[in-house]
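User: I'd like to learn how to read a few features of a model. Can you take me through them one at a time?
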Amino acid sequence: MYSNTALHVVHTPEDVDLDAAEQAAGQFLRALGVLEDGESMRDTPRRMAKAYADLFTPRPFDLTTFPNDEGYDELVLARSIPLRSVCEHHLLPFTGIAHVGYLPGERILGLSKLARITEHFARRPQVQERLTKQIADWLSEQLQPKGVGVVIEAEHTCMTLRGVQAVGSTTVTSTLLGTLRNDARSRQEFFSLTGVNR
Ligand SMILES: [Zn+2]
């Protein structure tokens, strides 16, 4: 018999007022002296408002967990999950990949959900360190696994488009919990499977 537990995961930003956002975007661009009159930029404020609203609205999903009937006790790892988020300091995008894994305890979940959870927390103004920890903490709470490991490698355009940072330089953050944190061998296995040198 199946005793699945399903949790409907929704995060909606406070009411989005697209008209107000459009007006503000227009003012913002005008203040910077870059809003041209004429055809080509006429809809830019609206598009800006929509683009940011989109970046801050994750798709809701159901997190269904299953009993770990097979007693699987090896690492479950989703590697190179595409990641896009927006830094909360400059509101510029940061993009990269996430490796999300856990050592199952009593319950397991569908593999695709690791990507959905990553997206869920990425679609809001973020800092990479907090994003990494939020994914790990959430998995830990929902699954009560023996261990959790999350690594994010990302390029921050607020660093690479401005100043002296070369394009392509990435920032790596990691959060390890439980056995993956405490046991040197598990930790090593996790990092070698993610391909991250630590
Ligand atoms: Zn930034």
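User: Which residues is Cys158 in contact with, leaving aside its neighbours within four places in sequence?

Analyst: Two residues are in contact if their C-beta atoms, placed from the backbone, lie within 7 Å. By that rule, and skipping neighbours within four places, Cys158 touches Cys87, His89, His90 and Leu92. Bear in mind that this is a predicted model, where local features need pLDDT of at least 70, side-chain atom pairs count only at pLDDT 80 or more, and totals for chains, interfaces and linings use all residues. Residues are numbered from 1 along each chain as its sequence is written.

User: What does the UniProt annotation "binding site" cover?

Analyst: UniProt positions are given in the numbering used here, with shortened feature names, and annotations may be inferred rather than shown by experiment. In this case the unreviewed UniProt entry puts "binding site" on Cys87, His90 and Cys158. They are spread over 72 residues of sequence, yet they cluster in space, with a largest C-alpha distance of 7.8 Å.

User: Where do His90 and Cys158 sit?

Analyst: Helices (H or I, at least four residues) and strands (E, at least two) are DSSP runs, numbered from the N terminus. His90 is in the loop between strand S3 (76-87) and strand S4 (93-103), while Cys158 belongs to helix H5 (residues 157-160).

User: Why does Cys158 count as partly exposed?

Analyst: Count the other C-beta atoms, placed from the backbone, within 10 Å of a residue's own: 20 or more is buried, 12 or fewer is exposed, and in between is partly exposed. Cys158 has 16 such neighbours, so it is partly exposed. His90, with 15, is partly exposed too.

User: At what angle do helix H1 and helix H2 pack?

Analyst: Axes are lines fitted to C-alpha atoms, for helices over the stretch in contact, and angles run from 0 to 180 degrees between N-to-C directions. Here H1 (residues 18-31) and H2 (residues 44-55) pack at about 120°, with their axes 8 Å apart. That makes the pair oblique; under 35 degrees would be roughly parallel, over 145 roughly antiparallel, and 65 to 115 roughly perpendicular, with the rest oblique. Among the residues that meet are Ala21 and Leu29 in H1, and Met48 and Ala53 in H2.

User: And how is the chain divided into domains?

Analyst: Domain bounds come from an automatic or database domain assignment. This chain is divided into domain 1 (5-10 + 63-194) and domain 2 (18-55). Taken over C-alpha atoms, their centres are 33 Å apart.
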